[in-house]
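Work through these exercises with the sequence and the 3D view open. Try each task before reading its solution.

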Amino acid sequence: MGRFLHAFFSPLGLRRAVPQVWDGFQTNIKLMVVAEVLVLALALLIAIVRGLPGRSTFPLRALAIAYTDFFRGTPLILVAYVTALGLPSLQLSFVSNQSLFVYGVLSLTLVYTAYVTEVYRAGIESVHPSQRMAARSLGLNYAQTLRYVILPQAIRRVVPPLLNDFIGLQKDTAIITVVGVTEALAQAGFYSNDFFSYAGYMVAAIFFVLLTIPFARFTDNLIKQRERRERAQLA
Amino acid sequence: MTENGHFVTLAGVSKRFGNNEVLHTIDLSVDLHQVVCLIGASGSGKSTLLRCLNLLEPVDAGTIVIDGQTITNGPVDVNVLRRKIGIVFQAFNLFPHMTVLQNITLAPRKARGLTKAQADAEARELLDRIGLVDKANEFPDRLSGGQQQRVAIVRALAMEPKLMLLDEITSALDPQLVSEVLNLVRELAQTGMTMILATHEMSFAQEVADKVCFLDAGVICEEGPPQQIFTAPKEPRTREFLSRIIEAGRL
Ligand SMILES: Nc1ncnc2c1ncn2[C@@H]1O[C@H](COP(=O)(O)OP(=O)(O)OP(=O)(O)O)[C@@H](O)[C@H]1O
Ligand SMILES: [Mg+2]
């Protein structure tokens, strides 16, 4: 028991690990922020493509479906290996000379865009068809109807599930360590090798939790607020 | 104006949903400034007919000419067509994420190209007419059903349509809210708006209509001036329908 406590929680070990792990954790934060911005935009685009009307758009829709099916089914760790190790080996001018950070962002974006596309799509489908009909009958075209009537309602409804997916993404930034990005988990590993102590991992865990808690609370509150408002409307 | 003087002409219009023929070779004409009421049992095709008129539903056969333009074949810009035709639905269908003012000004700004200032001014004028200026910045869920439906009517009017289609616009309202909506429709009729309305309010139809059409299973079974239809219907089916309505105390 004493050995266990010492290995994981020695106060000196924890304190000493903080700066080193924090150094790596900043990379997690950057990965997360860049990937989230990209995911939000790309997923919206793909969700819109999947909902396009008409026969002529079928190839585009098929492509969008293939993309989401593929990347929802593939483990992130595998995508990370293939992008970070595979793309450079192709020796193409642009695709192959990016930094590991860029490949990390790419992997996270590819996988999470697939999830978030589905979230957006559920939101778009939850808007009653009569809303679209009302907008079109006023003379708004397809794009205007989407932009001003459908999407604002759809996005409002999916904010809580979106935030949940982002909590997942936030944690999964640690997976990017496997391809050699020096983030929090990597620094924790270095620390444990240097000092024969797991305190680095504990510090990393604390960082992740500290980042997640406000996010999770915010999401919970948002859901509660909505429920309250909806109940008030029914009354 | 148009073909043989009519503002709206339907000739042989048919509409199917799968194997279900909902409209069967409908012929109908509406003159400028006329108010035409469609009556008929539930499922007789009133809503479908109105939705075909602004191409929310494509027709399977026949032609529809509105304001001199044949809309059922050839290249038709539906967005331009719909700007000429206002439609109001039973369920109001206001945009819940927008204020009353935003609901009214969205289409004038985006489809008619008005500036925000112009659109706001016009919308406030319309709201003033219906006594709801003080609700301009409220969201629809803060309004009563009658107020919401009047806003929906004004939202359609803000596009300055030449033709208004009203689909059972009082059916979802509590009885005490019906009259405020009907008053607005009556006013519109007095200003000369061309209107086609599907309604179950028989006494109102009798009062405002220039022509009443009785629809039965997708066919216009009988049409004529309201006095004739309501007091001396020729067709047995019309008589049967009206006697059922009278039994239900709605005439
Ligand atoms: N989108 C649709 N798909 C399939 N069938 C439809 C569709 N819309 C309407 N119908 C059918 O068409 C028929 C006519 O419907 P419609 O709504 O036009 O009747 P209505 O006269 O307006 O009735 P109500 O008084 O109940 O509003 C009904 O049998 C209905 O089931
Ligand atoms: Mg109907």
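**Exercise 1.** Which residues do ring pairs link into a cluster with Trp22(A)?

*Solution.* This is a predicted model: local features need pLDDT of at least 70, side-chain atom pairs count only at pLDDT 80 or more, and totals for chains, interfaces and linings use all residues. Residues are numbered from 1 along each chain as its sequence is written, chains are lettered from A and ligands numbered from 1 in the order written, and side-chain values use heavy atoms, without hydrogens and water.

Start with the rule. Rings of Phe, Tyr and Trp (its six-membered ring) pair if their centres lie within 6.5 Å; planes under 30 degrees apart are stacked, over 60 edge-to-face, and the rest tilted. Now apply it. Ring pairs join Trp22(A) to a cluster with Phe25(A), Phe207(A) and Phe208(A).

**Exercise 2.** Classify the pair Trp22(A) and Phe25(A), then say where each residue lies.

*Solution.* Over all chains, the structure holds nine aromatic pairs. In this one the ring centres of Trp22(A) and Phe25(A) are 6.3 Å apart and the planes meet at 35°, so the pair is tilted. Last, check exposure. Buried means under 20% relative accessible area, exposed over 50%, partly exposed in between (1.4 Å probe, protein chains only). Trp22(A) has 36% and is partly exposed. Phe25(A) has 2% and is buried.

**Exercise 3.** Which residues have the most contacts inside the largest nonpolar core?

*Solution.* A nonpolar core is a set of buried Ala, Val, Leu, Ile, Met, Phe, Trp, Tyr and Cys residues joined through side-chain atoms within 4.5 Å. The largest has 82 residues, and Leu10(B), Leu53(B) and Ile64(B) have the most contacts inside it. Helix α5 (residues 100-126) of chain A gives the most to this core: 10 residues. Apart from it lies another core of 50 residues, among them Val35(B) and Phe241(B).

**Exercise 4.** Which residue stands opposite Leu10(B) in β4(B)?

*Solution.* First, the strands. Two strands pair if DSSP finds at least two bridges between them. Strand β1 (residues 8-17) and strand β4 (residues 61-66), both of chain B, pair in the antiparallel sense over five bridges. Then the partner. Leu10(B) faces Ile64(B) across the pairing. Now follow β4(B) onward. It forms a hairpin with β5(B), with two residues between them, and Asp67(B) in the turn has a positive phi of about 55°.

Notes:
Helix = DSSP H or I, 4+ residues; strand = E, 2+ residues; numbered from the N terminus.
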